[in-house]
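Please look through the structure below, keeping its surface, its pocket and its charged pairs in view as the text takes them up in turn.

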Amino acid sequence: TPYFRYFNLQGLSNLTAQEYDKLEPVQWPVWDKQQPVKSVARLFAQGQFSHADGKAKFIATTAIDPVNQVSSEYPLILNTGRIRDQWHTMSRTGLSANLSTHRAEPYCEIHPNDALKYGIQDGELVEVRSEWGQCILRAQV
């Protein structure tokens, strides 16, 4: 018999564009888009997890090197991140002016050792370049 999985969005996999545009926030699981929304106040509160034995598991993953390696021309690895109010590639939260007030502008977060090496001060403007483009951002050390 299959075990219960909290992360199940099967019921949202065949939404039309119109249904997606009207979609209200929903907490998983969603097996059927017609199902009444059942809110789960706190996932895993009963100590039952989504594995056959019901126990939580730590699953180790192997680190993978970046596809594009550093070079003398591009000595740093760039990584995009998420901020507190940025979810789901901002397909929905990006439309909220209120959520956009958390950060006044885009920024470049840099490790203190790299900032020291390249003479970058916290709060100053830096040019970030790669072979695909460039931008000017405020540094956050």
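Helices (H or I, at least four residues) and strands (E, at least two) are taken here as DSSP runs and numbered from the N terminus. The model is a predicted one, in which local features need pLDDT of at least 70 and side-chain atom pairs count only at pLDDT 80 or more, whereas totals for chains, interfaces and linings use all residues. Residues are numbered from 1 along each chain as its sequence is written, and side-chain values use heavy atoms, with hydrogens and water left out.

Leucine 9 lies in the segment before α1 (17-22). With a relative accessible area of 32%, leucine 9 is partly exposed, a class that lies between buried (under 20% relative accessible area) and exposed (over 50%), with a 1.4 Å probe and protein chains only. Together with Phe7 and Trp28, Leu9 forms a nonpolar patch on the surface, and the three have about 280 Å² of accessible area together. Such patches are made of residues with over 30% relative accessible area and no salt bridge, nonpolar side chains (Val, Leu, Ile, Met, Phe, Trp, Tyr) being joined within 5 Å and like charges within 9 Å; the areas come from the Shrake-Rupley method with a 1.4 Å probe.

The largest pocket holds about 1,500 Å³ of space. A pocket is an open set of points on a 1 Å grid over the protein atoms alone, with protein on both sides within 12 Å along at least five of seven lines, and its lining residues have an atom within 4 Å of a point. The lining of the largest pocket has 45 residues, of which Leu78, Asn79, Cys108, Val128 and Leu137 lie nearest its centre. Two or more residues of this lining come from each of β1 (107-109), α2 (112-118), β2 (125-130) and β3 (133-140), and β2 gives the most, with five residues.

Which charged side chains pair up as salt bridges, that is, with a side-chain nitrogen of Lys or Arg within 4 Å of a carboxyl oxygen of Asp or Glu? The count by this rule is two. In one of them, aspartate 53 meets lysine 57 with the closest N and O atoms 3.0 Å apart; aspartate 53 is partly exposed at 44%, as is lysine 57 at 41% relative accessibility. Glutamate 105 forms a salt bridge with arginine 138, where the closest N and O atoms are 2.5 Å apart. This pair links distant parts of the chain, since glutamate 105 is in the loop between α1 and β1 and arginine 138 is in strand β3, 33 residues apart.

Definitions and conventions
1 Å grid on protein atoms, 1.4 Å probe; cavity = no way out; pocket = protein on both sides within 12 Å on 5 of 7 lines; lining within 4 Å. Points joined across faces, edges and corners; volume = space filled by probe spheres on them.
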